[in-house]
Amino acid sequence: MAAVEVANRASLIAWELMDNAHQHSYSGAPDQTLTLMLERSRYLLSITVTDAGPTPGRTKLSFPEQKSHGGGLGRVASLSFYWDWDGCAGLPVTVKARIELP
């Protein structure tokens, strides 16, 4: 995979993860934030988004799920070789995707 393709994939993944956090977490509320982090090792690029957790007043946390509609985490899955998440009710949720480097 060429460097340009890696950059394109990374930007699309980052966009989808940030959009997902804004739509499905407290990070989408006014004056809230999320954290985007890129980490590069010799063979991998990791794109990580940590959101502000569930919207206050929600009694159930909707954990990230891959849907078949072609966007969101489904798109992240198709652009990366691996993705996962970590978090629990009442705390921030972190979603990470990894791309293999050339």
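Me: In the protein chain, among contacts between residues at least 6 apart in sequence, what share joins residues at least 24 apart?
Reply: In this predicted model, 58% of those contacts in the protein chain join residues at least 24 apart.

Me: How many helices and strands does the protein chain have?
Reply: The protein chain has two helices and four strands. Read from the N terminus, the elements follow the pattern α-β-β-α-β-β.

Me: What percentage of the residues count as buried?
Reply: The protein chain has 102 residues, and 34% of them count as buried.

Me: And the accessible surface, what does that come to?
Reply: The accessible surface of the protein chain is about 6,300 Å², with 53% of that area belonging to carbon and sulfur atoms.

Me: On to the sheet. What is the order of the strands?
Reply: The four strands form an open sheet in the order β1-β2-β4-β3, and their pairing is antiparallel. The edge strands are β1 and β3 (82-86), each of which pairs on one side only. From one strand to the next, the twist averages 15°.

Me: What holds paired strands together in general?
Reply: Strands of a sheet pair through backbone hydrogen bonds, in either a parallel or an antiparallel arrangement.

Me: How many bridges join β1 to β2?
Reply: Six bridges join β1 to β2, and these two strands run antiparallel. They form a hairpin, with three residues between them. Within this pair, Arg 40 stands opposite Leu 45 in β2.

Me: And how many bridges are there between β3 and β4?
Reply: β3 pairs with β4 (residues 94-100) over five bridges, also in the antiparallel sense. Trp 83 has Ala 97 in β4 as its bridge partner.

Me: Which strands does α1 lie across?
Reply: The helix α1 lies across β1, β2 and β4. It runs at about 15° to β2.

Me: Could we look at single residues now? Where does Ser 46 lie?
Reply: Ser 46 is in strand β2, which covers residues 44-50.

Me: Is Ser 46 buried or exposed, and why?
Reply: Ser 46 counts as buried because its relative accessibility is 9%, and the cut-off for buried is under 20%.

Me: Which residues does Ser 46 touch?
Reply: Leaving aside residues up to four places away in sequence, Ser 46 touches Met 37, Leu 38, Glu 39, Lys 96, Ala 97 and Arg 98.

Me: Leu 38 is on that list. Where does Leu 38 lie, and is it buried or exposed?
Reply: Leu 38 belongs to strand β1. Leu 38 is exposed, with a relative accessible area of 53%. Residues up to four places away aside, Leu 38 touches Leu 45, Ser 46 and Ile 47.

Me: Ala 97 was there too. What separates the C-alpha atoms of Leu 38 and Ala 97?
Reply: Those C-alpha atoms are separated by 9.9 Å, and the two residues are 59 residues apart along the chain.

Me: A change of topic: what is the phi of Asp 31?
Reply: The phi of Asp 31 is near 65°, which is a positive value in a residue other than glycine. Most residues other than glycine have a negative phi.

Me: Where does Asp 31 lie, and why does it count as exposed or buried?
Reply: Asp 31 lies in the loop between α1 (3-24) and β1 (35-40). Asp 31 counts as exposed because its relative accessibility is 78%, and the cut-off for exposed is over 50%.

Methods:
Residues are numbered from 1 along each chain as its sequence is written. This is a predicted model: local features need pLDDT of at least 70, side-chain atom pairs count only at pLDDT 80 or more; totals for chains, interfaces and linings use all residues. Side-chain values use heavy atoms; hydrogens and water are left out. Buried means under 20% relative accessible area, exposed over 50%, partly exposed in between (1.4 Å probe, protein chains only). Contact means heavy atoms within 4.5 Å. Accessible areas come from the Shrake-Rupley method with a 1.4 Å probe; for residues, only the protein chains shown count as cover. Two strands pair if DSSP finds at least two bridges between them. Axes are lines fitted to C-alpha atoms, for helices over the stretch in contact, and angles run from 0 to 180 degrees between N-to-C directions.
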